[in-house]
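Please examine the sequence and the three-dimensional structure below with care. The paragraphs that follow lead through selected parts of the chain.

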Amino acid sequence: MSRQWLIGADVGSSCLKAALVHPERGVVATSEQFYPMHRPHPGWAENDPEDWYQALALAIPAVLAQAGVAPSDVAALCLVGQRDIAVLTDEAGQALAPVIHWTDRRDPDETTAAYDRLGRRRLIDISGTLPIPGLVLPNLLWTRRHQPDVWRRIRHALQPKDYLAHRLTGDVGTDPTGPTRSILNDWRTGTWSEDLCDVYGIPREVLPDVKYQPWQVRSELGASAHEIGLAPGTLLVAGGGDDPAAALGSGVIDPGDVSVGTGSSMSWRAVAERPVFDPTGLVGLMPHVVPDRYLHEMVAVGSGTTLRWLRGTFGGGATYEELIAATDQVGPGSDGLLCFPYIEGASVPVQDDHVRAVFHGISGHHGLPHFVRSTLEGIAYQYPALLQALTERGLQASSLTISDGEARSTTWNQIKADVLGHPLIPALHVEAPSIGAAILAGIGSGAFATAREGVNAAVEVSPPIQPTPEGYHTYQDLRLRWERTRDQVFPQLTGHAASLH
């Protein structure tokens, strides 16, 4: 049998997901391999890049075994992953330190001072991204100041998928989505900003050159292929960022399409044919992983991590599905309990790095289902403002497709649709970034002539979740109450929100 199979893998915050795709059979197998988020001190969050490699070495054999496919039948592998973080490696390619994660809040004041050095407006104008903590620039500056021994030995600062590619092939390079959300990029040129590197003293040579488009072949795997369960000669396609890959893996490739990615954070990505620059930085921009398309993105931090914290702290070992199912006994509004899901601060549509999550209005009759439902609602209450932010900037939002873990929950999707007053289309396979990566692998190997051909082969969606008139009317009042209470509990957010518009 000739090589026809395609594998896409996504390096996420808490797990690596892989998808096995056949050009005629679509998605045949998926695998999730989890690893810990290390928190050695309050406010810190770190990944171990060795966990990513080991997860990849488990995920690929897992999907091949599920489908009964031999490694020699795989045509191409494509890796995608987080863009906000960097692995610091030495001359030999060895990681020098744990990777500071984008949810890390170890020194907000130091980050603020760094951004104030040039000014946020100037940073937004160059990078097209809202300067928030946890991105590559402040994390490099923290390392230089607090870990000088590590800093002196840095040869490369690589995004996760580029680190894995370097480990597999020795190649050092990235694609146009790699520099985005680093606050070291120039959105107009699609590469790193020499000016920002000079201002902040970041050696340009440690940042990987933009050498490939996401759908282009980076290399062929050699003997290292055996370490991850593949055969030598398998093509390694360049790949891109996890958010644009998730949009592709959800079928979001046309102007007016919006991808709502859910996980540790909540990412909204609106497709357009041309870049629409937002001087407030609220809506960032980047190239899509398909030709002649741009994505306009907002990332609300703390959404999925708030629910994860609630489950881990009080869930008693229950699954997410069990916790959400128990909320059926609780009506809209959670009997007066409100959740503000800012466990990692607030980013969009309002921003403050110092605020933290709050449950408001706790009464004696509230039980765990109330806390769970109020968390689901607190995340959903942010949806209308995010949609408004897109449309106010002239971006179309005709079709909203939801992907990743939250797409599994009909109950939660109904809450969101009722709050928003707009249909939501759940992706049938929640592993959207890895499916997008598999489509890119197909384009690179010649299995798909275009991105649309890959979408038609690999992407499946469920029927739209329609808002109900009664639910929409009820949640209009409840959301306004939530917003009024938020402005009382966090008055600083009100002023900052006004300054962004």
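Cys197 has a relative accessibility of 2% and therefore counts as buried; buried means under 20% relative accessible area, exposed means over 50%, and partly exposed lies in between, with a 1.4 Å probe and protein chains only. Cys78 also counts as buried, because its relative accessibility is 0%. The model is predicted, so that local features need pLDDT of at least 70 and side-chain atom pairs count only at pLDDT 80 or more, while totals for chains, interfaces and linings use all residues. Residues are numbered from 1 along each chain as its sequence is written, and side-chain values use heavy atoms, with hydrogens and water left out.

How many disulfides does a search of the whole structure find? The search finds zero, a disulfide being a pair of cysteine sulfur atoms within 2.5 Å. Cys78 is in no disulfide, and the nearest cysteine sulfur, which belongs to Cys15, is 17 Å away. In general, a disulfide is a covalent bond between the sulfur atoms of two cysteines.

Cys15 lies in strand β2, which covers residues 15-22. Helices (H or I, at least four residues) and strands (E, at least two) are DSSP runs, numbered from the N terminus. β2 belongs to an open sheet of six strands in the order β3-β2-β1-β5-β12-β11, with mixed pairing; two strands pair if DSSP finds at least two bridges between them. At the edges of this sheet are β3 (26-34) and β11 (217-220), each of which pairs on one side only. On average, neighbouring strands of the sheet are turned by 20° against each other, direction ignored; here axes are lines fitted to C-alpha atoms, for helices over the stretch in contact, and angles run from 0 to 180 degrees between N-to-C directions.

Strand β2 can be followed to each of its partners. Strand β1 (residues 5-11) pairs with β2 in the antiparallel sense over six bridges, and a hairpin joins β1 to β2 through three residues. Ala9 stands opposite Ala18 in β2. Towards β3, eight bridges join the antiparallel strands β2 and β3, which form a hairpin with three residues between them. The bridge partner of Ala19 in β3 is Thr30, and His22 stands opposite Gly26 in β3.

Is β2 mostly covered or uncovered? It is mostly covered, with eight of its eight residues buried. In a regular strand the side chains alternate between the two faces of the sheet. Both faces of β2 are covered: Cys15, Lys17, Ala19 and Val21 are buried on one side, and Leu16, Ala18, Leu20 and His22 on the other.

Elsewhere, Val283 is placed in the loop between β14 (266-272) and β15 (284-287). Val283 is buried because its relative accessible area is 1%.

In helix α12 (residues 383-392), the buried residues include Tyr383, Leu386 and Leu390. α12 is followed by Gly394, whose phi is positive, near 80°. Trp309 is found in helix α9 (residues 303-314) and is partly exposed, because its relative accessible area is 37%. Together with Phe314 and Leu368, Trp309 forms a nonpolar patch on the surface, with about 290 Å² of accessible area in total. Patches are made of residues with over 30% relative accessible area and no salt bridge, like charges being joined within 9 Å and nonpolar side chains (Val, Leu, Ile, Met, Phe, Trp, Tyr) within 5 Å. A salt bridge is a side-chain nitrogen of Lys or Arg within 4 Å of a carboxyl oxygen of Asp or Glu. Accessible areas come from the Shrake-Rupley method with a 1.4 Å probe, and for residues only the protein chains shown count as cover.
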